[in-house]
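Here is a friendly tour of charged side-chain pairs. Have the viewer ready to follow along.

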Amino acid sequence: MGRYDVIIIGGGISGLFSALILGKAGKRVLLLEKRESLGGNCNSYIVDGFQVDTGPHAITGLANGPIRQIIDEYLNYTPVFLDYGTYHLRTPDGIVRVPANITEFIGFDVIPRRDRLALSQAITKALTLSAFGIETTTQSVHDFLPKNLSTTTLAFVDAVCHFLSGKDMRKTSVHRVLAGSSFMSEPSGEKKNGSRLTEHVTDRISRLGRLATNKVSESQGYPRGGLKTLLNAVLYSMPPNVEIQTNQEVKRITTLDRVATGVETSEESFESSIVIHSGFAKELPEMVDELPPAYVSDLQRIDQTKSLTVWLGLTKEISEFNYIGSEIWFQEHPYWAMPISNYSQGIAPRGKQLIGFTFVMNEKRRLKSEKERAMDTITRAIPRIERFIEMEHYQTTTPEKAAVTIDGYIAENRTPIKNLYLVGTDADRRSMGITRAAYSTLHLIEEIKNDGHLDRRKE
Ligand SMILES: Cc1cc2nc3c(=O)[nH]c(=O)nc-3n(C[C@H](O)[C@H](O)[C@H](O)COP(=O)(O)OP(=O)(O)OC[C@H]3O[C@@H](n4cnc5c(N)ncnc54)[C@H](O)[C@@H]3O)c2cc1C
C-alpha cells in the first residue's frame, strides 16, 4: 500500500476540509473514518420520507468567514446557502423576534423593562471593554450581570448561554455571548500590534456605534437541500490523490522518539510523514504513547456537552412554524428549534413539515427519561403539535468536541509529538460548530506550512 504523506483520522467536516486542502496541494492523503458514512456531525439522512440533519444547523460567517475562504479557494462548485432568517423566542403567547440591536432590545417586552435597561448597559460595557482589548474570555456571564435581575431574565440569559456554549451562565464567558450572538466579531488570531491594534479598536468602536441603530448579525445561512449539500460539495471536490476508507477505526498512532510515523487499525498499519487527528483530542492519550503528563492533564480538562435532538415530522405545515429561522424556548428545560423543511422542497414530503428541537442533555439521567422530558417540553410549548406528529426521531450527539467555557481547555493544532496535529472543534476557540472547524483547518494548514511540510507556492 506504500507510504502516505498525510494520514487523517476521522472524516467529519474538519477531517474532510483538511484532506481537501492538503490533497489539492499535491499531498498523497489517506483518510480513515470509523463509521460507515462520512461527515460526522455534518450530514443528513432519510427517516420515513423526511430528510433529517445531524442536528438543526445555522452556518455562520458566510460572507467573509473561514467557510467562505474554503468554498472560494478549494471547492469545485459553490453550494447554495439560503438566508438563515430570524431568531425567535417561543412564549406561551406565540413567537417574538430576538432583538438584533440595542434599539430593538429596549422594546423587547419578553423581559421586564428595568432588566432590559440594565442588560443593555451591561452589553455596551462588555463591548467597550473588549474594544480596548480588555479580556472578556475569562469573565463569566454570571459575574458580569447586574444584580437583582428577575428570574425570567435570568432564565433567558441562561438559555442563551446554553445554546452558545453548551454550559450555564457561570461557565460561559462574556466573550462567547458577544461573539456567538454576533454583537462582536471573532479575533483574527493575528498579533495585535501597531496599526493592527488601531484597526481592531476602530472596528469594535464602529460596531458599538452601529449597535444603536442597525442590524449587526453576520451573514448566516442554511444549505439548500440540507446539511449534506455542504458535505457533498466537499466530497465532489476531493482530488484523486486523496484516498478515503470508511469502517476503519484508528486504534493507535505510532511514534518513534516523539515523532509520528503512522497509524494502526485493529487489522492494518499505515505509514505516513504527518498524522492529523480529527476525532476527540481528549482520546489522544489512549491512542499514542510518549505524551508528556502535563499535556495529558490539559487534555483531561476539555469540557464537553451532549445534546438530544428530537426530529418531528408533521402531517401538515402548521401556523406555529410559519417562519424562516429558529426559535428558543427559554422557560424550564430550554430548547433550540428549526423548521428546516421551510427552507427548501424535498426535506419533507410535499405539504408536510419537519422540525428539529435540540436540548442540552443531562447525562446523569437515563436516555429514556430525557426523551420523555423533551417531548413533555415540546407539547407544553406548542400544545397543538401532538395532533400532527407522524414521525419521531431522536439523536444524541456531542455538537462540539470541546465546549468553550471559562475554565475548559482548548488544544492547539500542534501536539508535543512532532508531525502529529489536531484539527476540529477542540483545536480552535473561535466561533462555533462548522465555522470553528473551518477556522481550525485553516490554522492547521498554516502550522503545517510553518513546519516546512508544505510549499507555500503550491497552496
Ligand atoms: C445538535 C447539533 C446542532 C448543531 N448546530 C450547529 C450550528 O447551528 N452551526 C454550526 O456551525 N454547527 C453546529 N453544530 C456543530 C457542527 O456540526 C460540528 O461542530 C462539526 O460538524 C464538527 O466537525 P468536526 O470535524 O470537528 O467533528 P466531528 O463531526 O465529530 O467528526 C469527527 C469524525 O471523526 C471520526 N472518528 C473519531 N475517532 C476516530 C477514530 N479513532 N478512527 C476513525 N475515525 C474516527 C468520527 O466518527 C467523526 O466522523 C451542531 C451540532 C449538533 C450535534
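The report below walks through salt bridges and their surroundings.

## Ground rules

This is a predicted model, so to speak of local features a pLDDT of at least 70 is needed, side-chain atom pairs count only at pLDDT 80 or more, and totals for chains, interfaces and linings use all residues. Residues are numbered from 1 along each chain as its sequence is written, and side-chain values use heavy atoms, with hydrogens and water left out.

A salt bridge here is a side-chain nitrogen of Lys or Arg within 4 Å of a carboxyl oxygen of Asp or Glu. With that rule, the count is 20 salt bridges.

R90 and E327 form a salt bridge through their side chains, at 2.8 Å from N to O. The pair links distant parts of the chain, 237 residues apart: R90 lies in strand β7 (residues 86-91) and E327 in strand β15 (residues 325-329). Strands (E, at least two residues) and helices (H or I, at least four) are DSSP runs, numbered from the N terminus.

Buried means under 20% relative accessible area, exposed over 50%, and partly exposed in between (1.4 Å probe, protein chains only).

## Partly exposed partners

E390 and K352 also meet in a salt bridge, their closest N and O atoms 3.0 Å apart. E390 is in strand β18 (residues 389-397), while K352 sits 38 residues away in the loop between β16 (335-338) and β17 (353-360). E390 is partly exposed at 39%, as is K352 at 24%.

## Within a helix

K368 and E372 form a salt bridge at 3.3 Å, N to O. They are 4 residues apart in helix α12 (residues 367-381), so about one helical turn separates them. K368 is exposed at 55%, and E372 is partly exposed at 43%.
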